[in-house]
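Please look over the sequence and the 3D structure shown below. The briefing that follows goes through them topic by topic.

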Amino acid sequence: MTTNAFDEQREQRVAGIIEGLKNKPGALLPILHGIQDSEGYVPERSVAMIAAELNLSRAEVHGVISFYHHFRTTPPGRHIVQICAAEACQARGARQLEAYAQERLGVEYHQTTADREITLEKVFCLGNCACGPSVRVDDEILARVSHERFDQLVDELTTQSVQVK
């Protein structure tokens, strides 16, 4: 029962976001951002709702969602870890950090660890160019992240989650 109630609540929130933004010029992107900000991702069920309200096909809405890496179609992990892949961070070792992070977590970009704790994402520029490689964990930007610092970070995130449970 709680799953259905949650789904109804989610649907009402999504409908409210669509209603509030549908008359805005170029409404599709603000709606998608609003839904992802609210729900953590863009639920599949919302695609048809958006398409109907904006007089678009579901394929058009899905095309925008899949074009922008920012949008997720599945719930993210408890923590979002983003690694900067812009040129300045690459020059400071971001590619090596990317490979290490993927191996350490056992996931590729835009995937979530099996324990649902961490979703790994690639971003292009966190505005911390002189201090790369940079990583954002949820809303905190970290500078000069080495393999050792990444390990500490993962350990801290998973330890916090164990304490919360």
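In which loop is H110 found? H110 sits in the loop between helix 6 and strand 2; helices (H or I, at least four residues) and strands (E, at least two) are DSSP runs, numbered from the N terminus. This is a predicted model, in which local features need pLDDT of at least 70 and side-chain atom pairs count only at pLDDT 80 or more, while totals for chains, interfaces and linings use all residues. Residues are numbered from 1 along each chain as its sequence is written, and side-chain values use heavy atoms, with hydrogens and water left out.

**Backbone angles**

- Most residues other than glycine have a negative phi, and most peptide bonds are trans.
- H110 has a phi near 65°, a positive value in a residue other than glycine.
- H110 counts as partly exposed, at 37% relative accessibility; buried means under 20% relative accessible area, exposed over 50%, and partly exposed in between (1.4 Å probe, protein chains only).
- R116 also has a positive phi, near 65°, and is not a glycine.
- The loop between strand 2 and strand 3 holds R116, which is partly exposed at 42% relative accessibility.
- The peptide bond from G132 to P133 is cis, with omega near -5°.
- P133 lies in the loop between strand 3 (118-123) and strand 4.

**Around A94**

- A94 belongs to helix 6 (residues 94-105).
- A94 is buried, because its relative accessible area is 0%.
- Apart from neighbours within four places in sequence, A94 is in contact (heavy atoms within 4.5 Å) with C84, C89 and P133.
- A94 and G132 are 38 residues apart along the chain, and their C-alpha atoms are separated by 7.3 Å.

**Cysteines**

- A disulfide is a pair of cysteine sulfur atoms within 2.5 Å, and by this rule the count comes to zero disulfides.
- C84 is in no disulfide, and the nearest cysteine sulfur, that of C89, is 3.6 Å away.
- For C89, which is in no disulfide, the nearest cysteine sulfur is that of C84, 3.6 Å away.
- C84 counts as buried, because its relative accessibility is 2%.
- C89 is buried as well, with a relative accessible area of 2%.

- Five strands form an open sheet in the order 2-3-1-4-5, with mixed pairing; two strands pair if DSSP finds at least two bridges between them.
- Strand 2 (111-112) and strand 5 (140-142) stand at the edges; each has a single partner strand, so one side of each is left without a neighbour in the sheet.
- Strand 4 (residues 135-137) pairs with strand 5 in the antiparallel sense, over three bridges.
- V137 stands opposite E140 in strand 5.

**Salt bridges**

- The structure holds twelve salt bridges, a salt bridge being a side-chain nitrogen of Lys or Arg within 4 Å of a carboxyl oxygen of Asp or Glu.
- One of them joins E39 and R10, whose closest N and O atoms are 3.5 Å apart.
- The pair links distant parts of the chain: E39 is in helix 2 and R10 in helix 1 (residues 2-21), 29 residues apart.
- E39 is buried, with a relative accessible area of 13%, and R10 counts as buried at 16% relative accessibility.
- E39 and R10 are linked with D7 and R13 in a network of salt bridges.
- E11 forms a salt bridge with R45, with the closest N and O atoms 2.9 Å apart.
- E11 lies in helix 1 and R45 in helix 3 (residues 44-54), so the pair ties together parts that are 34 residues apart in sequence.
- E11 counts as partly exposed at 30% relative accessibility, whereas R45 counts as exposed at 55%.
- E19 forms a salt bridge with K22, the closest N and O atoms being 3.1 Å apart.
- E19 is partly exposed, with a relative accessible area of 47%, and K22 counts as partly exposed at 24% relative accessibility.
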